Amino acid sequence: MSTVTMDDIQSFLQDYVAKSLREQGRDVPTTLADDCDLLLSGYIDSLGLLELMTALQDHFGREIDFEKLDPEQMTIVGPLKKFVAAQLS
């Protein structure tokens, strides 16, 4: 099983958010900073967060226990990337 890097997760998040925003006819950010809050920025809503969690698991082919992640950190790119990387390592 290959190791998932922070860059892999960043790339997935960038592509996922870009696709979602394009479908809504919205501008796509060129990059997602580690301090970007996906919910507060309006990039995803609460349903979109659930869809993102499922998409992460489907994309990387492993179950991720999101209940172990502080809900306040769940929508912030940097902490989310670190958590997912730790869960997949």
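A polar contact is a pair of N or O atoms within 3.5 Å, where within protein one atom must be able to donate a hydrogen and the other to accept it, and where residues adjacent in sequence count only if both atoms are side-chain atoms. The model on screen is predicted, so local features are given only at pLDDT of at least 70 and side-chain atom pairs only at pLDDT 80 or more, while totals for chains, interfaces and linings use all residues. Residues are numbered from 1 along each chain as its sequence is written, and side-chain values use heavy atoms, with hydrogens and water left out.

**Stop 1: glutamine 10**

Select glutamine 10, which is placed in helix 1, residues 6-23; helices here are DSSP runs of H or I with at least four residues, strands are runs of E with at least two, and both are numbered from the N terminus. Is glutamine 10 buried or exposed? Its relative accessibility is 15%, so glutamine 10 counts as buried, the cut-offs being under 20% relative accessible area for buried, over 50% for exposed and partly exposed in between, with a 1.4 Å probe and protein chains only. Now show the backbone oxygen of leucine 32, which lies 3.0 Å from a polar atom of the glutamine 10 side chain. With residues up to four places away in sequence left out, glutamine 10 touches Thr31, Leu32, Asp34, Val77 and Lys81, a contact being heavy atoms within 4.5 Å.

**Stop 2: the salt bridge beside it**

Two of those contact partners deserve a selection of their own. Aspartate 34 forms a salt bridge with lysine 81, with 2.7 Å between the closest N and O atoms; the term requires a side-chain nitrogen of Lys or Arg within 4 Å of a carboxyl oxygen of Asp or Glu. This pair links distant parts of the chain, since aspartate 34 sits in the loop between helix 1 and helix 2 and lysine 81 in helix 3, 47 residues apart. Aspartate 34 is partly exposed, with a relative accessible area of 42%, whereas lysine 81 is buried, with a value of 8%.

**Stop 3: the length of helix 1**

Just after helix 1, glycine 25 takes a positive phi of about 70°.

**Stop 4: phenylalanine 60 and the aromatic rings**

Move to phenylalanine 60 in helix 2, a buried residue with a relative accessible area of 14%. Leaving aside neighbours within four places in sequence, phenylalanine 60 is in contact with Val4, Asp8, Ile9, Phe12 and Leu88. Computed along the sequence and in space, how far apart are phenylalanine 60 and aspartate 8? They are 52 residues apart in sequence and 9.5 Å apart in space, C-alpha to C-alpha. Phenylalanine 66 and phenylalanine 83 form a tilted pair, at 6.0 Å centre to centre and 40° between the planes. This pair links distant parts of the chain, with phenylalanine 66 in the loop between helix 2 (46-60) and helix 3 (77-88) and phenylalanine 83 in helix 3, 17 residues apart. Phenylalanine 66 is buried at 8% relative accessible area, and phenylalanine 83 also counts as buried at 12%.

**Stop 5**

Finally, select Leu13, Leu38, Leu52, Leu56, Phe66 and Val84, which touch the most other members of the largest nonpolar core, a set of 28 residues. Such a core is a set of buried Ala, Val, Leu, Ile, Met, Phe, Trp, Tyr and Cys residues joined through side-chain atoms within 4.5 Å. Leucine 56 is in contact with Phe12, Leu13, Ile64, Phe66 and Val84, leaving aside neighbours within four places in sequence. Helix 3 has twelve residues and reaches 16 Å from its first C-alpha to its last, close to the 16 Å expected, and its buried residues pack against helix 1 and helix 2.

Conventions: Rings of Phe, Tyr and Trp (its six-membered ring) pair if their centres lie within 6.5 Å; planes under 30 degrees apart count as stacked, over 60 as edge-to-face and the rest as tilted. The expected span of a helix is 1.5 Å times one less than its number of residues.
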